[in-house]
Amino acid sequence: MSEPTDTHTPQPDFTLDDTEWRRRLSPEEYQVLRQAGTERPFTGEYNDTKTEGVYRCRGCGAELFRSDAKFESNCGWPSFFTPLAGGAVIERTDSSLGMTRTEVICANCHGHLGHVFAGEGYGTPTDLRYCINSLSMTLEPAES
């Protein structure tokens, strides 16, 4: 996990005004991606998905995670041990809800994806858990 960025977060490459975001996204997707909301645990479309492919940002279509980095954490949200590439996501400090966590946003559009946690003891190559909202992603299945 890299050091969260706070004051030096670059501007997003993909931008829309609020009216266009609301037009493109469902109210639930907007609440998660644009207002840093969270879907209820164990309700997300991709929580139990085993389909091979690439997970993309629902806001802008940027590639975020691959299915081979997804693992079962039993936390209620899709979990990945690494993003697709180092530049796919931005990690920054989130002090909401009376605690300090590391928020994960799409590097391309700055849509809220979820949070990343370290040192929880999962048997993964990175010991990181990118806990990501299904509402913030789409899955592009691998070609057979």
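Is F80 buried or exposed? With a relative accessibility of 0%, F80 counts as buried (buried means under 20% relative accessible area, exposed over 50%, partly exposed in between, with a 1.4 Å probe and protein chains only). Keep in mind that this is a predicted model, where local features need pLDDT of at least 70, side-chain atom pairs count only at pLDDT 80 or more, and totals for chains, interfaces and linings use all residues. Residues are numbered from 1 along each chain as its sequence is written, and side-chain values use heavy atoms, with hydrogens and water left out.

Now for the rings. The structure has six aromatic pairs (rings of Phe, Tyr and Trp, the last by its six-membered ring, pair if their centres lie within 6.5 Å; planes under 30 degrees apart are stacked, over 60 edge-to-face, and the rest tilted). One of them is F65 with F80, a stacked pair at 4.4 Å centre to centre and 20 degrees between the planes. F65 is buried too, at 0% relative accessible area. Ring pairs also tie Y46, Y55, F65, F80 and Y130 into a cluster.

Let's move on to S136. This residue is buried, with 0% relative accessible area, and its side chain reaches the backbone oxygen of N133 at 2.6 Å. Leaving aside residues up to four places away in sequence, S136 touches V32, L33, R56, C57, R58, H112 and L113 (contact means heavy atoms within 4.5 Å).

One last stop is R34: its charged end sits over the ring of W21, 4.1 Å from the centre (this requires NZ of Lys or CZ of Arg within 6 Å of the ring centre and within 35 degrees of the ring normal).

Notes
A polar contact is a pair of N or O atoms within 3.5 Å; within protein, one must be able to donate a hydrogen and the other to accept it, and residues adjacent in sequence count only if both atoms are side-chain atoms.
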